[in-house]
Amino acid sequence: MIPAEFAYRRAATVDEALAVLAEHGDEAKLIAGGHSLLPLMKLRFAAPEVVVDIAALTELKFVRLEGDEVVIGALSRHHDLQQDPVLAEHAPLLAHAAGTVGDPQVRHRGTIGGSLAHADAAADLPAVVLAAGGTLVARGPSGQRRIPAAEFFLGPFTTPLEPDELLTEIRLPSQAGLGWAFEKFTRRAMDWAIVGVAVTGHAVGLVNMGGTPLRAGATERALAEGATAADAARLADEGTSPPEEPHASADYRRHLARVLTGRALLRAGVA
Ligand SMILES: Cc1cc2nc3c(=O)[nH]c(=O)nc-3n(C[C@H](O)[C@H](O)[C@H](O)COP(=O)(O)OP(=O)(O)OC[C@H]3O[C@@H](n4cnc5c(N)ncnc54)[C@H](O)[C@@H]3O)c2cc1C
């Protein structure tokens, strides 16, 4: 449980972080809250030669409304999201889901940028950002690019981010006025989801139902065609390939996805 030796660099600005990444390429790894990277380093699944600490980048800690979009700095911590008044009005699903991540200690360290960049299909916020039709903004040596959430989660722990790029912000269309709900089924309090379901309007995101966060496409199509919540929920596992684990079989997860989607749609007041 002791990480391999590494050099530590602390960045004070985004430009400084980008300069270190440019210098070291894929030998360097950003660290934000460290709640996903450090466990991997301790298990030696990750062994970066240089760790670039971006926790002090206050320029990436914000939530603001720009027109009809909510813009969230990548270094915003889960606790910040949970408390934020702009999110409470314009992205209540995200604010609520952030409050279900781990325990208070995790929520005071972990960041939304770290959660998305880590791209764990069992994490809560990726499915929420996917359901909300979010866009991720990355900065690299050649400038800034926008990546729709639908194109960001390429596979387990895999994103299109280059080693010399940094996630700066997440943009969500305002969800104000939409019905929403987050259903998360865990084995123990404050744990990762066995399955999670994020509903905002008629969009449904699934946690832990495949190698990436997913949209429940068949359910969404059925709702668009006027199906009841109960009928649409029965389709929630279509097109998914949930993991098979000793404590939760794929079939069990499929069942949970259908039940939780039904509950979430009802709670959100959909159909
Ligand atoms: C005990 C425990 C329980 C947890 N429970 C849950 C849970 O219930 N639900 C849940 O969703 N998550 C859970 N987590 C994970 C937690 O939310 C993490 O905080 C989060 O996944 C990663 O955020 P971080 O800021 O700690 O990222 P880090 O660990 O610092 O980084 C993770 C990865 O993202 C990269 N990265 C970080 N920031 C950026 C950036 N701005 N741009 C590009 N790349 C970046 C890093 O290089 C690294 O590869 C849990 C973690 C722990 C330790």
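1. The side chains of E183 and R267 are joined by a polar contact of 3.1 Å. A polar contact here is a pair of N or O atoms within 3.5 Å; within protein, one must be able to donate a hydrogen and the other to accept it, and residues adjacent in sequence count only if both atoms are side-chain atoms. E183 belongs to strand 9 (residues 180-185) and is buried, with a relative accessible area of 8%. Buried means under 20% relative accessible area, exposed over 50%, and partly exposed in between (1.4 Å probe, protein chains only). Apart from neighbours within four places in sequence, E183 is in contact with V195, G196, V197, L260, R263, A264 and R267, where contact means heavy atoms within 4.5 Å.

2. This is a predicted model, in which local features need pLDDT of at least 70 and side-chain atom pairs count only at pLDDT 80 or more, while totals for chains, interfaces and linings use all residues. Residues are numbered from 1 along each chain as its sequence is written, and side-chain values use heavy atoms, with hydrogens and water left out. Helices (H or I, at least four residues) and strands (E, at least two) are DSSP runs, numbered from the N terminus.

3. Strand 11 (residues 203-207) is largely enclosed by the rest of the structure, because five of its five residues are buried. In a regular strand the side chains alternate between the two faces of the sheet. Both faces of strand 11 are covered, with A203, G205 and V207 buried on one side and V204 and L206 buried on the other.

4. Strand 11 runs antiparallel to strand 10 (residues 195-200), and five bridges join the two; strands pair if DSSP finds at least two bridges between them. V199 has V204 of strand 11 as its bridge partner. These strands form a hairpin with two residues between them, and G201 in the turn has a positive phi of about 60°. Strand 11 also pairs with strand 12 (residues 214-215), again in the antiparallel sense, over two bridges. Here L206 has L214 of strand 12 as its bridge partner. This second hairpin has six residues between its strands, and N208 in the turn has a positive phi of about 65°.

5. The largest nonpolar core has 36 residues, of which I72, L81, L87, L94, I112, L116 and I170 touch the most other members. Such a core is a set of buried Ala, Val, Leu, Ile, Met, Phe, Trp, Tyr and Cys residues joined through side-chain atoms within 4.5 Å. Domain 2 (63-173) and domain 3 (180-268) both give residues to this core, so it lies between them; the domain bounds come from an automatic or database domain assignment. A second, separate core of 22 residues includes I194, M209, L256 and L265.

6. Two aromatic pairs are found in the whole structure. Rings of Phe, Tyr and Trp (its six-membered ring) pair if their centres lie within 6.5 Å; planes under 30 degrees apart count as stacked, over 60 as edge-to-face and the rest as tilted. The rings of F152 and F153 have centres 5.2 Å apart and planes at 85°, so this pair is edge-to-face; both residues are buried. F185 and Y252 also form an edge-to-face pair, at 6.4 Å centre to centre and 85° between the planes. That pair links F185 in strand 9 with Y252 in helix 11 (residues 250-268), 67 residues apart. F185 is partly exposed at 30% relative accessible area, and Y252 is partly exposed at 33%.
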